[in-house]
Amino acid sequence: MEQRGRRTWMERWICVAFMVALLTFRGEASAQIRYSISEEVKEGSVVGNIAKDLGIDKATLKDREYRIVGSSTEPLFRLNMDDGLLYVSRKMDREEICERSNACIINLKTVLENPLEIHYVAIEVLDVNDHSPVFPEKEKRLEIFESTSPGARFQLQPARDPDGGHDTFSIQLYRLSQNDHFRLEVKDRGEDGKIPVLYLHKPLDKETARSHSLLLTAVDGGKPAKTGTMGIIVNVLDVNDNMPVFAKDSYAAVLNENSRIGTTIMQVNATDLDDGLNGEVVYSFGNNVNTKLRKLFEVDSTTGEIIVKGLIDFEAKDRYEIDIKASDKGPVPLETEKSVIITIVDLNDNAPEIEVTSFSRAIPENSKPGTTVALISVNDNDSGLNGKVICYISEDVPFTLTPSLQENMYSIVTKVLLDREHQSNYDVTIIAKDAGEQPLSSEKTISVTVSDVNDNSPAFSTSPYTFYVIENNVAGASLFSVSARDCDEGDNALISYSIQRNGDEHKTFTSFLNINSEKGDILALKSFDFETLKTFHFQVVATDSGTPPLSSNVTVNVFILDQNDNAPVILYPVSSNGSAEGVEEIPRNVNAGHLVTKVRAYDADIGYNGWLLFSLQEVTDHSLFGLDRYTGQIRTLRSFTETDEAEHKLLILVKDNGNVSLSATATVIVKVVEPKEAFAASDVKSAAKEDEGNDVTFYLMITLGSVSVLFLISIIVLIAMQCSKTTDYTSKYLQEPNYDGTLCHSIQYRSGDKRYMLVGPRMSIGSTIAPGSHANTLVLPDRRSASGEVRKINLFKRHFWYECSQSLTFRS
C-alpha cells in the first residue's frame, strides 16, 4: 500500500512538470525554431525543413552559404543546401548526448551569409525506452548470521537506467523473487532514485538452508517495460546453535568377557549441523561415568569408537550402561549424551571354587559310618552350564561325598569304621568340575586326622623275657629292662610298669625286686648268690593311662650266672686241728704206679670256676711221686730204694679255672715203712675195704635203678611238655658219661635260637660227693675209715635225690 501511494504521487509530479515545460517551450518557440526528434532514429532521417520554417528561399541557401556552426566533433546533424532540410548525420543516443538531463535539447546555431543572419535551431531529442535497468553487479552476496533477528534490513545498490532522464522510462519499481525469509522495501531518494532494501522477515537457520538465492528485478516505466535483474546470494553464517545429534536413538552391543585390550566394541556417530568448529564433533564419556568404568572402557574422541581398556569380567558385572557425550568445538560447546548398553557374554573362565565351611580336623577312630567330617560349599561364578558343578573325591579313602539339601553344599562323611593304628591321617582331595564346553576344574585337599581311642593294650617287645644276671650284683643297681609299646597315642599310649606280686610263690622272688614304673628298668634290692638261687621267674604288668586303662603282662625268666667267688676247699687230707695236712704210710716194696693217696677238694662254683686242677708245688724227690692234675691222685713213679728217705713231704696246690683263679694248698707227708708193718696195716684196711665194697655195691645198685626210673619219667614228662608248648623255650638237665668213665654234671637249657650249657667238674665212678658240694667236686673215698665212707655214701644219696628233684622242678 505504501508503494502504491508513492507511485501515484510521482505520476502527479510528472504531470505538473510537463505542463510547466510546455508553457516554457511555447514561449521560446516564438523566438527560435524548435524541432524534436526521437533518439535512435536512423541516419539520414529528416529533422525538419529549416528553410521553410525560417522563411528562406531554399534556392538561396547555397548562395548565401547557409551552414551550421558546430563543434569540431562529429556533428549530429547536417544541412542539405539543396532542399533546405535538416538531416540526422549519425545515430543519436540521448543518454550519450544528454546523460541524465531531464530534457535533452541540442541548440544549433545556423548562419546565412550575405546578408548575415543567425538563426538558432533547438532540437529536442526525445527519449526512447531503449535501455533496460542495469544493476552495478550481476550478483550480490550477502553474509547474514543465522542468529540475526527478524526485522533486520540490508540496503542494496539500486539499478541504473540510462533512460532515467525521462521519468516515464526510469526505474519505476523493484521486485524480489518469492521466498520465506526476506521481503523488499524501496526507499525513494529523489534524484538518487529508488533504493531497494532487503528486509529479514523470518529467522534464518543455516542447518535448514545454508544459503538463499534471491532475484531482484528492477522495472522501468516503458511500454513495454524493460527490466534488469540482479542475483542476491544470502550466505547464512553459522552460529553454534545446534547440538550434536546421535545417528541412533539407542546403542547396544554384546561383548565377550576377557576380550583383548584394544578390542573395538562399537562405534557411535553424532553429527552437528553447524559449520566449522561449531559442527566438529568430539566424543567422550558422560559426566556421570564413574572411575571404574573409565578403567574398563575408553572412547576415541575422534571416531567415537568404544574400546576395551581393562579386564572385562562377567562375574564382576554382566551389563554396563555408559553415557557417551558428543560435543562440538564451538566457543561455547554444545553437547549431547546418549546411553550405550554393553551386555557381557559369559565365558567359562572361572574354575569352581571349593570352600570348607565346617571342618572337624580330628575324628575319633571309633566313629560310626556316616559321621560328618566336613561341610563344603562349591561356587562357580560362571552362568548356565559354565557354572554347573559336579563334585567327587579322587582317592580311595574311607570317606564319601554326599550332597545336602542346599544346592552346591556337600558333606564329607565316613564310609567305614576307622582305625588310627592302621592309618592316622588322610588327605582327602575334593575335585569340582564344571559342565562347560571346555570344563574347568579345581581341587582342594583337606587333612583329616583320626584321633585315638584306647582300643589297644600294651604289647611287650618279647614274650617271655629271658635275662642272665651274674651273681654278686650290686644291690639297688638296674639289672635289665622290659619294654612295651602301645599302638595308641597320648595318654592312651602312656605306659606304667609294675611287678605282679600275687601268690606266696611269687612273693618269695619278687620281694627283693623293684621296677621303674616309667622306664621298665628292673633292679634288685639285694645281691644274688648262684650257689643259693640259680633261676626264678615273675610277671611284669604294663598298663596304659587310657580310660578305661588296658593292660598286659609278660613272664620274665631270670638265670643267675656263676661267678668265681668261691676258693677251692680241701676235704682230704684234713688233720685233727682242721688244717689241710695228712700223713700216708706206704710199704717200701711197692711198685711204680702205686696209689699213695688222693687229694680231695671241692669248689662251690660251677663250670670252669669250679673245675679244679691239682699241681705239685713242693716235693722232696720229683722222681718218686707223680700227681694227676685232674683227679688229685698221688702215685709212685718208681720203686723205693734203700737210699730213699723214709719220709717225704708233698705240697699240693689246688686251683680253679676262673678268669681270676682261686686256690688252696694241702700238705701230704708220705712215710715209707717196712713191709711187715705195712702188711699188718693192710689187713685191717682190706677187711674194711671188703665191707665197704659190699655196702657200696648194694647202694650203687639201688641208686642206678632209681636213676633209671627217674630218667624214664623225665623223658616222658619232657615229651609231654614239648608237645604242649608252642614256644621254643626248653631247659634240660643231662648227665652224660665222659670218655674216661667220669660222670660230667651239666645243665643244658635253650632260649629262643640259643642253647646254653653249665658244665660241672668230672666225677669218677665210685667217688662220693661231700656235703654242700652241689655235685661240683669229686672226692676220693677214704680207705682208712669204713664208717666214714658209709657216712659219705649216705650224704651222696641225699644229695643225688636233691639234685634230681631240682632238675625236675626246673623242667616243669
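Among contacts in the protein between residues at least 6 apart in sequence, 65% join residues at least 24 apart, where contact means heavy atoms within 4.5 Å. The model is predicted: local features need pLDDT of at least 70, side-chain atom pairs count only at pLDDT 80 or more, and totals for chains, interfaces and linings use all residues. Residues are numbered from 1 along each chain as its sequence is written, and side-chain values use heavy atoms, with hydrogens and water left out.

**Overall composition**

The protein has seven helices and 52 strands; helices (H or I, at least four residues) and strands (E, at least two) are DSSP runs, numbered from the N terminus. Of its 812 residues, 42% count as buried. Buried means under 20% relative accessible area, exposed over 50%, and partly exposed in between (1.4 Å probe, protein chains only). The number of disulfides is zero, a disulfide being a pair of cysteine sulfur atoms within 2.5 Å. C391 counts as buried at 13% relative accessibility, whereas C487, at 33%, counts as partly exposed.

V125 is found in strand 7 (residues 117–126) and counts as buried at 1% relative accessibility. V125 and S38 are separated by 87 residues in sequence, yet they lie 5.4 Å apart in space, C-alpha to C-alpha. With neighbours within four places in sequence left aside, V125 is in contact with I37, E39, M92, R94, C104 and I106.

Strand 29 (residues 409–414) is mostly covered, six of its six residues being buried. In a regular strand the side chains alternate between the two faces of the sheet. Here M409, S411 and V413 point one way, while Y410, I412 and T414 point the other way. Strand 29 runs antiparallel to strand 26 and is joined to it by five bridges; two strands pair if DSSP finds at least two bridges between them. Within this pairing, A374 has I412 as its bridge partner. Strand 28 (residues 399–403) also runs antiparallel to strand 29, again with five bridges, and T402 stands opposite S411. Strands 28 and 29 form a hairpin with five residues between them, and N408 in the turn has a positive phi of about 65 degrees.

The loop between strand 26 (372–379) and strand 27 (389–393) holds N386. This residue counts as buried at 15% relative accessibility. Leaving aside neighbours within four places in sequence, the contacts of N386 are D346, L347, N348, D380, D434, G436 and E437.

Four strands form an open sheet in the order 33-40-39-36, with mixed pairing. Strand 33 (465–470) and strand 36 (496–500) stand at the edges with a single partner strand each, so one side of each is left without a neighbour in the sheet. Direction ignored, neighbouring strands of this sheet are turned by 30 degrees against each other on average; the axes are lines fitted to C-alpha atoms, and angles in general run from 0 to 180 degrees between N-to-C directions. Strand 36 pairs with strand 39 (residues 535–543) in the antiparallel sense over five bridges, and S498 has V541 in strand 39 as its bridge partner.

**Aromatic pairs and charges over rings**

The structure holds 15 aromatic pairs. Rings of Phe, Tyr and Trp (its six-membered ring) pair if their centres lie within 6.5 Å; planes under 30 degrees apart count as stacked, over 60 as edge-to-face and the rest as tilted. Two of the edge-to-face pairs are tabulated below.

| Pair | Centre to centre | Angle between planes |
|---|---|---|
| F297 and Y320 | 5.4 Å | 70 degrees |
| F512 and F536 | 5.9 Å | 75 degrees |

F297 lies in strand 20 (residues 297–299) and Y320 in strand 22 (residues 319–328), so this pair ties together parts that are 23 residues apart in sequence. Both F297 and Y320 are buried.

F512 is buried, with a relative accessible area of 9%, and F536 is buried at 4%.

The ring of F512 also has the charged end of K526 over it, 4.6 Å from its centre. A charge sits over a ring if NZ of Lys or CZ of Arg is within 6 Å of the ring centre and within 35 degrees of the ring normal. The charged end of K534 likewise sits over the ring of F530, 4.9 Å from its centre. F460, Y465, F467, F480 and Y497 form one aromatic cluster.
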